[in-house]
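Reader: Please show me the structure. Then let us work through it in short questions and answers.

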Amino acid sequence: MNEIFRIHSTLGTFWWILLGVFFVIYIVLDGADLGAGVFSLLLNNENDRAAVMSSMAGTWDANETWLVVAGGVIFGAFPLVYGATFNYLMIPLMFALWGIISRAVAFEFHVLAKSSRKFWGFMFGFGSLIAALFAGIALGATLLGFSMTTGNAQGIQVANDPFVNTVPHFSGDALSFLSAFSVWTGIAALIAGGLAGTLYLCARFEQNDPIYLKAHKAATLFSFLALAAVVITLIWSYAIMPDAAKWTGSGWFGWLILLIAILISAYKMMTNHAAHRDFSALLWCGAIVVFMWGGMWATNFPYIIPQTWTISAGANPANDLAILTLFMTGFVPVMITYNIYQIWVFRKRITHLAGYESH
Amino acid sequence: MIIEDTLPVLLSRLDFAFITSMHILWTPVTIGMSWLLFFLEVAWLKTGNEHWYRLQRFFEKLFIVNFGAGVATGVTMEMAFGILYGPFSQAVGPFFGNILGFETITAFMYEAGFIGLMIFGWGKIGKGMHAFSTFNVALSSSLSAMWILVANGWMQSPTGIVLKNGLFQVTNWWTAIFNPNFNIGFPHMWIATVELSLFFFAAVSAWFILKNRHADLFTKLLKPTLLALIIITPLQIFIGDELGREVAHDQPTSLAAMEGHFHTYLPDGKPNTNWNLIAIPDVSAGKNLFSIQIPHVLSLLETHTWDGVVTGMDHFAPNDRPNVWVPFYAFRVMVAIGFFLFLMALWGNWLRLRGKLTAEHLRKNPLFLRLLVFSGFLPYLAVWTGWWTREIGRQPWVVYNLMRTWQGVSHMGVTAESFWLIGYIIFEFMVWGGAWYFFTRVIQKGPDMNSPVIGSSDQDAHSSGGGMAKPAFAKPTMNKQH
């Protein structure tokens, strides 16, 4: 029996790491797209907004799909976490999904629209904003954990119900997700998205293009805001999250190195940005996300949802995890490869004139 | 009243039914039409005939409008299991969650990885690579349909699992994946997507021929479309019958509801072989208040014998019986559409055999064309009614005979559920209305016969756009429509 438990714990941890990787890829790629959408609200020319949209026309769908992959992996490897957490996050996910829907159809409709062009342009930007804000709120709410019971989720009691007193379900109410901290993480997500989005636009537009100039200025502002947001979030997390006590525990040296790595990346990002090495700046921004997400993932260990679900309690039985590993692991590098190819095809810088091209 | 019909549970069902019904409006075109676009592209590459290229690019525009809506509503689906049916997601996680995980990794992402290249890659990647991308979109969306049908088929006929500690733990992956319902349900759904897309082609073609715009071009498309339909439409009826027999075998309550079949035996002790053409069912009384019956047809349909026994509703406890109204009538609508579309395919090919499938002949007697335009809408209704039959027929179970629907519903109140429903009604109708508006815009504009064919020598000169700096990134599909 011990063997089985060991396999279970190993495979669970493997998928927990892979899940972290998928989330990071999603945040780096779609964070930039969403942020660019938010930034597009500041552009007052509909053709400029169209140019922002065409900068990501070939890749936004794949970028967004990393979220679906992360969702699929939670469902596939950690269904107990999936069922309870998504139930808890009903309201913020609902809004985020409405944002995602608005943005997705705006992409396809904006290029065809004439009289409704302004409306779909707004839906693109506003949808991006709502999606980023509520995804951030959902993340903050998740970090705070939630209450559970093993009774029937609807409170219906019958004799010999095989589904009670086994798996714990979410037991809070619809607004449990709402707290000062989760609202703050929503705002912080918007700031981070704004930074990633403007850095991304700098890397996508010709350096003498008016959109580039605007995005470049905005990115400088966002980088200072983001720095402040990171500091506030770290202090706040340390104050309220039990697992954050690790940071000053016996392993403090490791955490200090991580913090230094984040600060160096931030410095590199800002200097590269100032020197108009746009792609490098974008990559350093990605490095910050990787370090911060990795740090968050490590802080939560062995929990997948802090103080609520541990990796092993939330994972599928060993047999199912083994099947998932066997069949799906090989696809991960394939998936990453064709995504890189698609991004590479659409790598060239564009100008604001791309917005006219669509009509 | 069964628990599934009390307000919070009923609302959760409506919440899910609404987003699924709206999602299935888009996916059949994505799945079916991507194959048709691939064939058009191959026809162009093989024959060098520009007409296939023009048609491909035209239908691709409609495909794009449809695709965005499909993805947007599909992301919702992936999350909605956990949001609305959390305890269900947990209990079925070991199998169902894995299958959904398979779907996102091997299909959803696979499709997303090539859709950008397919739509915006024209002129940026080689022709061969482009055709390969279209092929990958087609294959991946079909794979997606396959995994979803594995998951849903398993809910209809759960095999290969054992219920332990509140979880459905898999004992045999092969029997769980290739569950009896999936083996026929997937072909039925996949063929439906192809049939729907072919009728989409046929209806749009008929409209252009009626309007006498590009009439010859669209007649050229109509011929192979109708030829494919003469194979697809009867095949679909045959597979549908097979699926009906499968349901009769594995899900007798659903079959009884579909056929309004309340009494297994007649009062004189003989098997009740009557098939109800129409009926006014009364579930609480356990009988039909009124019905038009044809003897022996039910036994012929479900057992392929003259008077085989078909299990009726009276065989099951009252709280195990599904609603009858919806499955009974939805099923009939679907079957009627299936036969009507078969007749349309016959008619079209008969016209062709007599040499009358030319734009000129067709316009002289426009009834065929008008009915063909009408037929473009019918497969959508058939897909809807088919799924309503399937899902409502399975009630009151979410996993047939193992987990009741109320056992799977999330912890949420009527307010949150109503909020979801109203919000999604607004957003999904925005998507639906927008998509249909832009479908009509694209169709009214018609195919672009002027811009240079991608890869041809005069393309570069043309796309510089009259003195404007040449954008490094263009949306080739939307080019030159000033």
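Reader: How many helices and strands does chain B have?
Author: This is a predicted model, where local features need pLDDT of at least 70, side-chain atom pairs count only at pLDDT 80 or more, and totals for chains, interfaces and linings use all residues. Residues are numbered from 1 along each chain as its sequence is written, with chains lettered from A and ligands numbered from 1 in the order in which they are written. Helices (H or I, at least four residues) and strands (E, at least two) are DSSP runs, numbered from the N terminus. On that basis chain B has 17 helices and six strands.

Reader: What is the radius of gyration of chain B?
Author: The radius is taken over C-alpha atoms, and the globule rule is 2.2 Å times the number of residues to the power 0.38. For 482 residues the rule gives 23 Å, and chain B is close to that, so it is as compact as a globular protein of that length. Its C-alpha atoms fill a box of roughly 80 × 55 × 40 Å along the principal axes. The radius of gyration is 24 Å.

Reader: What percentage of the residues of chain B count as buried?
Author: A residue is buried if 20 or more other C-beta atoms lie within 10 Å of its own, exposed if 12 or fewer, and partly exposed in between; C-beta atoms are placed from the backbone. Of the 482 residues in chain B, the buried share is 54%.

Reader: Which element gives the largest share of the side of chain B that touches chain A?
Author: Two residues are in contact if their C-beta atoms, placed from the backbone, lie within 7 Å. The contact takes 78 residues from chain B and 74 residues from chain A. On the chain B side, elements giving two or more residues include helix H1 (7–23), helix H3 (50–84) and helix H16 (414–445). The largest share, 25 residues, comes from H4(B).

Reader: How do the residues on that side of chain B divide by class?
Author: Ala, Val, Leu, Ile, Met, Phe, Trp, Tyr, Cys and Pro count as nonpolar, Asp, Glu, Lys and Arg as charged, and the others, Gly among them, as polar. The side of chain B that touches chain A has 46 nonpolar, 27 polar and five charged residues.

Reader: Is H13(A) roughly parallel or roughly antiparallel to H4(B)?
Author: Axes are lines fitted to C-alpha atoms, for helices over the stretch in contact, and angles run from 0 to 180 degrees between N-to-C directions. The axes of H13(A), residues 331–345, and H4(B) come within 9 Å and cross at roughly 15°. Angles under 35 degrees count as roughly parallel, over 145 as roughly antiparallel, 65 to 115 as roughly perpendicular and the rest as oblique. That makes the pair roughly parallel.

Reader: How do H1(A) and H3(A) run relative to each other?
Author: The axes of H1(A), residues 2–40, and H3(A), residues 60–77, come within 8 Å. They cross at roughly 155°. The two helices are therefore roughly antiparallel.

Reader: Which residues of H2(A) are buried?
Author: H2(A) spans residues 46–55. Eight of its ten residues are buried, so the helix is largely enclosed by the rest of the structure. They are A:Asp48, A:Arg49, A:Ala50, A:Ala51, A:Val52, A:Met53, A:Ser54 and A:Ser55.

Reader: Is A:Met90 buried or exposed?
Author: A:Met90 lies in helix H5 (residues 90–110) of chain A. Beyond four places in sequence, its contacts are A:Ala174, B:Ile83, B:Met412 and B:Ala416. With 27 C-beta neighbours inside 10 Å, A:Met90 counts as buried.
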